[in-house]
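This report goes through selected features of one model, from single residues to the cores and the ligand site. Please keep the sequence and the structure in view while reading.

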Amino acid sequence: MSRFLVEGGHPLSGEVPVQGAKNSVLPILAATLLNGGVTELRGCPRLRDVDASVEILRYLGCDAVWQEDVLTVDTSGLCRWDIADTLMREMRSSAIFLGAILARCGQAELTYPGGCELGPRPIDLHISGLRQLGAEIEEEGGALHCRAPALRGRDIVLSLPSVGATENLMLAACGAEGVTRIVNAAREPEIVDLQNYLRACGAEVSGAGTDQVSVTGKRPLHDCTYTVMPDRIAAATYLCAAASAGGEVRLLGARERHLSTVTAALREAGCTVTGDSGGITCRAPERLRSVSPVRTAPYPGFPTDAQSVLMAALLRSRGTTVFEENIFTSRYRHVDELIRMGGSIQVSGRVAVVTGVERLHGACVRSTDLRGGAALCVAALAAEGVSHVENISHIDRGYEDLARDLESLGAKILREET
Ligand code: EPU
């Protein structure tokens, strides 16, 4: 077990590079199965969830070798189409292997995926879409037996723009005869990154970033080298860290166009935020102000993944801010922990009302999930005294080294193995 010790009250200053995007690299790692050859992934973040994907690739018979931040995957040795339940449970993204394995092998044996506890996270849209492409899928006691001797492209209308379902169907569609059009597709930047990777392998994919993605399947794919986009949620976390602790930070490589709802909220709170081709700079005022209601929504709306870190930054603001969480039903699990630090937050259903307080104090708190854990660190930076943030294995799923990055910006944060 590990924990962070955070001494609050030290403003941040300096610059830090932003890691490669977790939510891009995970579907891309599943997609590496499609070319049956070598992918050199640059800017690949070293995360627990990436390790879990690498484990799955190795289990399937593929090679994966790290050299600094380059992960080279060779999927030519693929020799099975099942994934062990213990590997599936490691993370939610394991579900994306289904589309890729089906496209490559015409069959797959998987179980339901794990992941952060954010409320029910079904994969019904993934399964229904794959069935529409011609896969026969039987569900039995948590196992999925899938056969797809011949996938056939067609129009698939998603009832909601699920990120994972869009990705899964894009991968399956690469192995389907003819054209697949995913209607009401998710528009997240990570979908565009997946499209760019697939194109770099020779696939015919277009429309990512809009609500219709088209894939012409059965194109011959080849080896490729690809650089993963910067992580917009890690960037949002560090912007909120600066807003919380005070000071001025520059996030190298961060792209403001991916984060416009977050930077708009921070500007409204009184921060000076500027984006340019090299990154984003954020200067925080002495004390933040409350902001207009923050409603999470699919991209380009306010990202659910940034809800907790913005909430943490606003705990000491002047005034009251209303949050409305519209993506996951159970994404306020960090709230009780923030209250332990002196935060004033009232939750009712999907709404949380934050009334700014003058002071936060250090406390012993537990990470409940990845972004919730990051939020505790963001709040601890502004709290008087020392906070102990326990259960940080959640944070390791998505941040390469939160303590290293915050420390390089002047925070007093220490990782302790207990
Ligand atoms: N949903 C269904 N049925 C489905 C799929 C989704 O009902 O078949 C529901 C979910 O239960 C949820 C909503 O649709 O309420 C959105 O789910 P979506 O499929 O869009 O999310 P995801 O693919 O499971 C990805 C990210 C999450 C991020 C969400 C929303 C990855 C690996 N994960 O999850 O990231 O919160 O999109 O943007 O890309 C994180 O990084 O901390 C994280 C949780």
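A residue is called buried under 20% relative accessible area, exposed over 50% and partly exposed in between, with a 1.4 Å probe and protein chains only. By that rule Arg359 is exposed, because its relative accessible area is 53%.

The model is predicted, and for that reason local features need pLDDT of at least 70 and side-chain atom pairs count only at pLDDT 80 or more, while totals for chains, interfaces and linings use all residues. Residues are numbered from 1 along each chain as its sequence is written, and side-chain values use heavy atoms, with hydrogens and water left out.

Helices (H or I, at least four residues) and strands (E, at least two) are DSSP runs, numbered from the N terminus. Arg359 sits in the loop between β20 (351-355) and β21 (364-366). A contact means heavy atoms within 4.5 Å. Not counting residues up to four places away in sequence, Arg359 touches Gly342 and Glu384. The side chains of Arg359 and Glu384 are joined by a polar contact of 2.8 Å. Such a contact is a pair of N or O atoms within 3.5 Å; within protein, one must be able to donate a hydrogen and the other to accept it, and residues adjacent in sequence count only if both atoms are side-chain atoms. Ser317 is 42 residues from Arg359 along the chain, and their C-alpha atoms are separated by 9.8 Å.

**Ligand site**

Which residues are closest to the ligand? They are Asp124, Leu125, Ser162, Asp305 and Ile327, out of 23 residues that surround the ligand. A residue counts here if one of its heavy atoms lies within 4 Å of the molecule.

| Residue | Polar atom | Distance to ligand oxygen |
|---|---|---|
| Asn23 | side chain | 3.1 Å |
| Ser162 | side chain | 2.6 Å |
| Ile327 | backbone | 2.6 Å |

Taken alone, the ligand exposes 830 Å², and the protein buries 88% of that. These accessible areas come from the Shrake-Rupley method with a 1.4 Å probe; for residues, only the protein chains shown count as cover.

**Nonpolar cores**

A nonpolar core is a set of buried Ala, Val, Leu, Ile, Met, Phe, Trp, Tyr and Cys residues joined through side-chain atoms within 4.5 Å. The largest one has 76 residues, of which Val50, Leu71 and Leu198 touch the most other members. Helix α6 (residues 163-174) supplies the largest share of this core, seven residues. A second, separate core has 74 residues, including Cys240, Val291, Leu310 and Cys377.

Apart from residues up to four places away in sequence, Val50 touches Val25, Leu26, Leu29, Cys44, Pro45, Trp66 and Leu71. Helix α1 (residues 22-31) has nine of its 10 residues buried, among them Val25, Leu26 and Leu29. Ser53, in helix α2 (residues 48-59), is buried, with a relative accessible area of 0%. Beyond its neighbours within four places in sequence, Ser53 is in contact with Leu26, Leu29, Met91 and Phe97.

**Helix α9**

In α9 (residues 260-268), the residues Val262, Thr263, Ala265 and Leu266 are buried. They lie on the same side of α9 because they cover an arc of only 155 degrees around the axis, an arc taken from the directions from the helix axis to the C-beta atoms. The buried residues of α9 pack against α8 (232-245), β15 (272-276) and α10 (307-313). Gly270 follows α9 and has a positive phi, near 110 degrees.

**Loop residues**

Ala135 is placed in the loop between α5 (124-132) and β7 (136-140). Is Ala135 buried or exposed? Ala135 counts as buried because its relative accessibility is 6%. Its contacts, leaving aside neighbours within four places in sequence, are Leu102, Leu130, Arg147, Ala148 and Leu151.

Asn184, in the loop between β10 (179-183) and α7 (189-200), has a positive phi near 65 degrees and counts as partly exposed at 26% relative accessibility. For Asn391, phi is also positive and near 65 degrees; Asn391 lies in the loop between β22 (386-390) and α13 (393-396) and is buried, with a relative accessible area of 15%. Tyr299 and Pro300 are joined by a cis peptide bond, with omega about 10 degrees. Pro300 belongs to the loop between β17 (294-295) and α10.
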